Amino acid sequence: SLCWAGYICPGGDIIPTLFAPNGTYSGEGQSAGTPCSAGTYQNEQGQDSCKTCPSGSFCLLGSVLPEACPEGHYCPPGTRFGTEYPCPAGTFSNSTMLMDAPNCTACTAG
């Protein structure tokens, strides 16, 4: 019998006693939690998968919670780091948590 998904069984334990910690997930038979990939997060213990980072946020490797997208950038779902998507040339943003390129503001002449 293998350790259950969402649990970790260090030392080859068969009876699951420890949940996979926040920021990780665990498949069946794992002895340790696997960090969530960049672009995903996990804010709950004992999970067998990670959640997709929502729009307006980014999620680094092993994220427990999404972080706000920084000024001058936009963050569609699954964004891996804050500067992954800069506002397109000729646009800018002084706001955080933009979700898509059209949310950037066109520069004015001058």
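Me: Strands are DSSP runs of E, at least two residues long, and helices are DSSP runs of H or I, at least four residues long, both numbered from the N terminus. With that in hand, where is the place of L18?

Reply: L18 is in strand β2, which covers residues 18–19. Before going on, keep in mind that this is a predicted model, in which local features need pLDDT of at least 70 and side-chain atom pairs count only at pLDDT 80 or more, while totals for chains, interfaces and linings use all residues. Residues are numbered from 1 along each chain as its sequence is written, and side-chain values use heavy atoms, with hydrogens and water left out.

Me: Okay, and how many helices and strands does the protein have?

Reply: Zero helices and ten strands. Reading along the sequence, you get the pattern β-β-β-β-β-β-β-β-β-β.

Me: Back to L18, then. Is L18 buried, partly exposed or exposed?

Reply: The general idea is a cut-off on relative accessible area: under 20% is buried, over 50% is exposed, and anything in between is partly exposed, using a 1.4 Å probe and protein chains only. L18 has 40% relative accessibility, so it counts as partly exposed.

Me: Which residues does L18 touch?

Reply: Contact here means heavy atoms within 4.5 Å. If you skip residues up to four places away in sequence, L18 touches Y7, I8 and P10. As for S31, it is 13 residues from L18 along the chain, and their C-alpha atoms are separated by 9.7 Å.

Me: Next, the cysteines. How many disulfides does the structure hold?

Reply: A disulfide is a covalent bond between the sulfur atoms of two cysteines. In a model you spot one as a pair of cysteine sulfur atoms within 2.5 Å. There are five here, and, counting bonded cysteines along the chain, they follow the pattern 1-2, 3-4, 5-6, 7-8, 9-10.

Me: Which cysteine is in no disulfide?

Reply: That's C107; the nearest cysteine sulfur belongs to C87 and is 9.0 Å away. C107 has a relative accessible area of 46%, so it falls in the partly exposed class.

Me: What does handedness look like among the bonded ones?

Reply: Start with C36 and C50, joined with an S to S distance of 2.0 Å. The torsion about their S-S bond is -80°, and the link is left-handed. This pair links distant parts of the chain, 14 residues apart: C36 is in the loop between β4 (34–35) and β5 (40–41), and C50 is in the loop between β5 and β6 (51–52). C36 has 0% relative accessibility, so it is buried.

Now take C53 and C59, with sulfur atoms 2.2 Å apart. Their S-S torsion is about 80°, so this disulfide is right-handed. Both C53 and C59 are buried. The disulfide of C69 and C75 has an S to S distance of 2.1 Å and is right-handed, with 75° about the bond. C69 and C75 are both buried.

Me: Which residues is T96 in contact with?

Reply: Leaving out neighbours within four places in sequence, T96 contacts C69, P70 and E71. T96 lies in the loop between β9 (91–92) and β10 (105–106). Its relative accessible area is 45%, so T96 is partly exposed. From T96 to Q42, 54 residues away along the chain, the C-alpha atoms are 22 Å apart.

Me: Last one: what radius of gyration does the protein have?

Reply: The radius is taken over C-alpha atoms, and the globule rule is 2.2 Å times the number of residues to the power 0.38. The protein has 18 Å, whereas a compact globule of 110 residues would have a value near 13 Å. Its C-alpha trace spans about 70 × 15 × 15 Å along the principal axes. Buried residues make up 31% of the 110.
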